[in-house]
Protein chains: 2
Amino acid sequence: MSSITFIGTGNMARTIGERAVAGGNTVEVMGRDQSKADDLAEALGGGATAGTWGAVPAGDIVITALLYASVVPVVVEYGDALAGKVIVDISNPFNATFDGLAHDEETSIAQEVAEVAPAGASVVKAFNTVFRNVLEKGRPDVFFAGDDAQAKAAVATFVESLGLRPLDVGGLKMAHWLEGVGVVTVGLAGNGVGHWDFALGVDEFTG
Amino acid sequence: MSSITFIGTGNMARTIGERAVAGGNTVEVMGRDQSKADDLAEALGGGATAGTWGAVPAGDIVITALLYASVVPVVVEYGDALAGKVIVDISNPFNATFDGLAHDEETSIAQEVAEVAPAGASVVKAFNTVFRNVLEKGRPDVFFAGDDAQAKAAVATFVESLGLRPLDVGGLKMAHWLEGVGVVTVGLAGNGVGHWDFALGVDEFTG
């Protein structure tokens, strides 16, 4: 089992947090609004605790469950408090029309986090290709990318504890293309699929 | 049923062509090397014919089954011979290390084709996310993107005739992100999946 800290108290922290508690993980929640962190920890149950915003997280894996524009600033704000942690960026930096990314360059929030993360921290991109409602009701594949094999193994173990299949797509530069998969997923919801109750996953044809 | 012309006589033309003939479509093949076009038409059977390189294709749908670097030059070479056609770009412009795209900008081969295509031609990106071996043995989802609804409907009908599920991801600018899905697919083959007998598809969780 893993020890997880969520930075952020919104819907994604709640949804992944519920699965994390159900999977027997140790869960901590941090919010800039302490009362929201307290409330979410209580709602999650299973021994979930509320930490103090900006302090060293209790979890070895720190999930930045924030809107994309806040992720880099919050990692900067935490600074050395994240030293040695596995930082998991789950964000989708969509543009205003949701048909592309907000960055002009071939980068990703995860790569930008890696540039500002403290010594010994490793960054993994994960979960961004999965709509929250699907995480609530289904067992979608979870794609992830990162440069540190040990960090990726830790994230894979955590994903498995949620009853989901972790699928490694490669190094951290692939985070850009995972963000692109997020764009394609929204495009499918608005076009060929027509609803939000789906996820892209790996279909095997080994027969 | 659809009338299809393949420009190109390689493995993708052969694999899609076999399914196209099996699906009752009218198939024409064009190759710069006429003997290769003749041989492929004969191998496909089912009334498949060999056209003349550079002439007006018989098919309403023209699939450029070429290596990515040849697609735009060949469309330019065909010029007005492609007027009014639905041009389907299936290419993957991978970089040298297969972990990104060959373009520096946020574009795609399909978008570049649209810039040089003659009047009345419409461009659709499709099939690029599916490895050839999977098309030979399985029934993967086929994602497509384009700006012209009528052209996309024609491609969807063709894809269905192959026994495959067509999934519209949106406008032609999404071709860039479909090329990115190609990058992610190669990343999965080399990492989390570890083989090539799979495709990304839509898994629904509507229960």
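Tutor: Phe98(A) counts as partly exposed, at 46% relative accessibility. Buried means under 20% relative accessible area, exposed over 50% and partly exposed in between (1.4 Å probe, protein chains only). The model is predicted: local features need pLDDT of at least 70 and side-chain atom pairs count only at pLDDT 80 or more, while totals for chains, interfaces and linings use all residues, and side-chain values use heavy atoms, without hydrogens and water. Residues are numbered from 1 along each chain as its sequence is written, with chains lettered from A and ligands numbered from 1 in the order in which they are written.

Student: Where is Phe98(A) found?

Tutor: Phe98(A) lies in the loop between strand 5 (86-89) and helix 4 (109-116) of chain A; helices (H or I, at least four residues) and strands (E, at least two) are DSSP runs, numbered from the N terminus. Phe98(A) has a positive phi of about 60 degrees, although it is not a glycine. In chain B, Phe98(B) likewise has a positive phi of about 60 degrees and is partly exposed, with a relative accessible area of 47%.

Student: Which residues does Ser3(A) touch?

Tutor: Contact means heavy atoms within 4.5 Å. Leaving out residues up to four places away in sequence, Ser3(A) touches Thr26(A), Ala58(A), Gly59(A), Asp60(A) and Ile61(A). Ser3(A) belongs to strand 1 (residues 3-7) of chain A and is buried, with a relative accessible area of 18%.

Student: Which residues of helix 4 of chain B are buried, and what covers them?

Tutor: The buried residues are Ile109(B), Ala110(B), Gln111(B) and Val113(B). Their cover includes helix 3 (68-78), strand 5 (86-89), strand 6 (122-126) and helix 7 (174-190) of chain B.

Student: Which side chain does Lys152(B) meet in a salt bridge?

Tutor: Lys152(B) pairs with Asp168(B) (2.9 Å, N to O). Lys152(B) lies in helix 6 (residues 149-161) and Asp168(B) in strand 8 of chain B, so the pair ties together parts 16 residues apart in sequence. Lys152(B) is buried at 10% relative accessibility, and Asp168(B) is buried at 15%.

Note on methods. A salt bridge is a side-chain nitrogen of Lys or Arg within 4 Å of a carboxyl oxygen of Asp or Glu.
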